[in-house]
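Work through the exercises below with the sequence and the model in view. Each task is followed by its solution.

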Amino acid sequence: MRDEASTTTTTTTPATTTPTTAKASTTTAATGATTAAAASAPLPPVRFWPVRDLTGVEFDPDLAALMREGPVTRIRLPNGEGWAWLVSRHEDVRTVTNDPRFSRRAVVGSDVTRLAPHFIPVDGAVGFEDPPDHTRLRRAVAPAFTTRGVERLRWRAQAMLDELVDGVLRDGPPADLVARVLAPFPLAVVCELMGVPAADRPAMHEWTSLILSSAEGAERSERARNAMCDYFAGQLAERRGTGGEDVVALLSAAVAGGEITEAEAVGLALLIQIGGEAVTNNTGNMAYILLTRPDLMDRLCRDPGVRATAVDELLRWIPHRNGVGLCRIATEDVTVGGREIRRGEAVYVSYLAANRDPDVFADPDGIVLDRSPNPHVAFGYGPHYCVGALLARLETELLFSAMVDRFPGMRLAVPAEELRWRPGALIRGPEGLPVVW
Ligand code: HEM
């Protein structure tokens with residue numbers, strides 16, 4: 001990678017570093033997109049992005065500083081080696097995530113600069129594959145995630161949610177909304193989707209929490225990851241030939257049919273199971289916003305017609321993750337946002353930043369409940385677009401309605417400043433939300 005020795009500064013420090021100049025590129029991208037201007041443009045300084053623990057739904061000030069610095073900047077994250085590009089504009093994010101010249105497969109085995117101390121997925125996992133293998137893997141589980149597949153779960157999901165809410169109402173206030181509803185509900189739904197028996201839900205939750213926390217250290221995370229892999233390997237073997245519409249049954253059939261390997265099936269099961277719990281943090285943030293913005297809560301109560309657009313607007317606005325997700329590696333020289341990204345260089349996109357792009361969203365930092373159209377990229381873009389987007393939307397809508405309709409007058413039981421937020425988490429969210437109603 002070029003310019004390894006470039007001076008690094010933190011993002012909060014003004015850009016005092018003298019930018020270095022890239023050598024003129026001799027390679028021309030297949031599309032002819034590499035321009036002489038991009039190739040000779042001075043390289044931006046490498047900024048160290050410490051990815052601090054933030055509270056509430058504050059937009060990461062370091063990311064905001066990077067966005068101000070330019071549409072394409074360079075970053076170094078707390079773990080791994082070297083630096084990577086960061087792409088923050090909506091249009092450029094969609095280009096990078098949808099262009100086959102940026103590879104996920106090429107990331108495997110490289111110690112690229114990153115947030116997590118460890119790589120979560122196992123080899124062959126869907127997040128680290130490119131088409132056509134990526135397409136083959138996703139095809140194996142596609143029936144579970146179509147509108148029909150997700151609607152199959154609606155009735156069961158509503159029943160499980162009603163049971164949880166009934167329990168909270170029966171016990172009376174105060175209650176921790178996260179512990180009583182927002183954590184157990186997505187966990188129960190994703191276990192239903194996977195075909196994981198109710199008795200195994202606590203183990204799933206424990207492993208997911210350890211895998212998703214960078215605070216627990218690489219070793220504990222990896223032990224949890226291996227335990228979950230062993231679990232799914234056992235389930236896949238047990239369910240062989242039994243049929244069914246759940247994800248484990250679909251994966252088992254795909255392995256038996258020779259469409260995917262057992263290792264690929266395990267990797268996919270792991271990512272879907274972990275992804276399923278993303279809804280807890282996302283809806284935790286949503287609930288926090290509604291509890292601290294009575295004007296928004298009031299509008300949702302008075303105007304149920306606005307709820308569908310409100311879900312999308314909150315998905316757009318919520319700073320769902322800490323830092324950035326998985327990077328991609330350029331397999332050719334490509335020009336993005338006026339910068340030449342060379343073959344072999346790592347590129348991160350920030351969906352959070354793209355969702356605040358003023359060229360696409362008027363008043364990007366404001367919450368506009370009836371915003372339409374709303375081309376947000378909270379679920380990603382391109383081939384790696386979130387597998388569980390439809391399911392997440394269904395769960396979010398059900399939770400949203402439950403919060404607004406079944407807990408009239410719900411409010412925080414403690415001052416907002418006293419809430420605790422998950423430390424060292426890859427996905428941000430409140431640890432608890434004590435409420436009364
Ligand atoms: C509000 C909740 C959720 C949000 C905001 C969210 C967001 C995302 C994002 C941004 C990506 C990454 C796209 C990329 O790599 O470029 C992703 C991928 C993924 N998500 Fe979600 N997600 C949510 C819920 C879920 C649920 C419920 C599941 C599973 C049941 C799930 C499973 C996955 C999987 C397996 C991937 C990897 C897809 C691939 O690499 O092809 N997610 N999600």
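**Exercise 1.** How many aromatic pairs does the structure hold? Classify the pair of Phe-407 and Trp-437.

Solution. The structure, a predicted model in which local features need pLDDT of at least 70 and side-chain atom pairs count only at pLDDT 80 or more, while totals for chains, interfaces and linings use all residues, holds six aromatic pairs. Residues are numbered from 1 along each chain as its sequence is written, and side-chain values use heavy atoms, with hydrogens and water left out.

Step 1: apply the rule. Rings of Phe, Tyr and Trp (its six-membered ring) pair if their centres lie within 6.5 Å; planes under 30 degrees apart are stacked, over 60 edge-to-face, and the rest tilted.

Step 2: the ring centres of Phe-407 and Trp-437 are 5.1 Å apart and the planes stand at 80°, so this pair is edge-to-face.

Step 3: locate the partners. Phe-407 is in the loop between helix H16 (389-406) and strand S13 (411-412), and Trp-437 is in the segment after strand S14 (434-436), 30 residues apart. Helices (H or I, at least four residues) and strands (E, at least two) are DSSP runs numbered from the N terminus.

**Exercise 2.** Is Phe-407 buried or exposed? Decide also for Trp-437.

Solution. Buried means under 20% relative accessible area, exposed over 50%, and partly exposed in between (1.4 Å probe, protein chains only). Phe-407 has 2%, so this residue is buried. Trp-437 has 24% and is therefore partly exposed.

**Exercise 3.** Which residue of the protein is the single donor to the iron atom of the ligand?

Solution. Donors are N, O and S atoms within 2.8 Å of the metal (3.2 Å for Na, K and Ca); water is not among the atoms, so sites may look incomplete. The SG atom of Cys-386, 2.3 Å from the iron, is the single protein donor. Cys-386 lies in the loop between helix H15 (351-354) and H16.

**Exercise 4.** Find the charges that sit over the rings of Trp-83 and Phe-361.

Solution. The criterion is NZ of Lys or CZ of Arg within 6 Å of the ring centre and within 35 degrees of the ring normal. Over the face of Trp-83 lies Arg-74, at 4.4 Å from the ring centre. For Phe-361, the charged end of Arg-316 is 5.1 Å from the centre of the ring.

**Exercise 5.** Which residues form one aromatic cluster?

Solution. The cluster consists of Trp-207, Tyr-231 and Phe-232.
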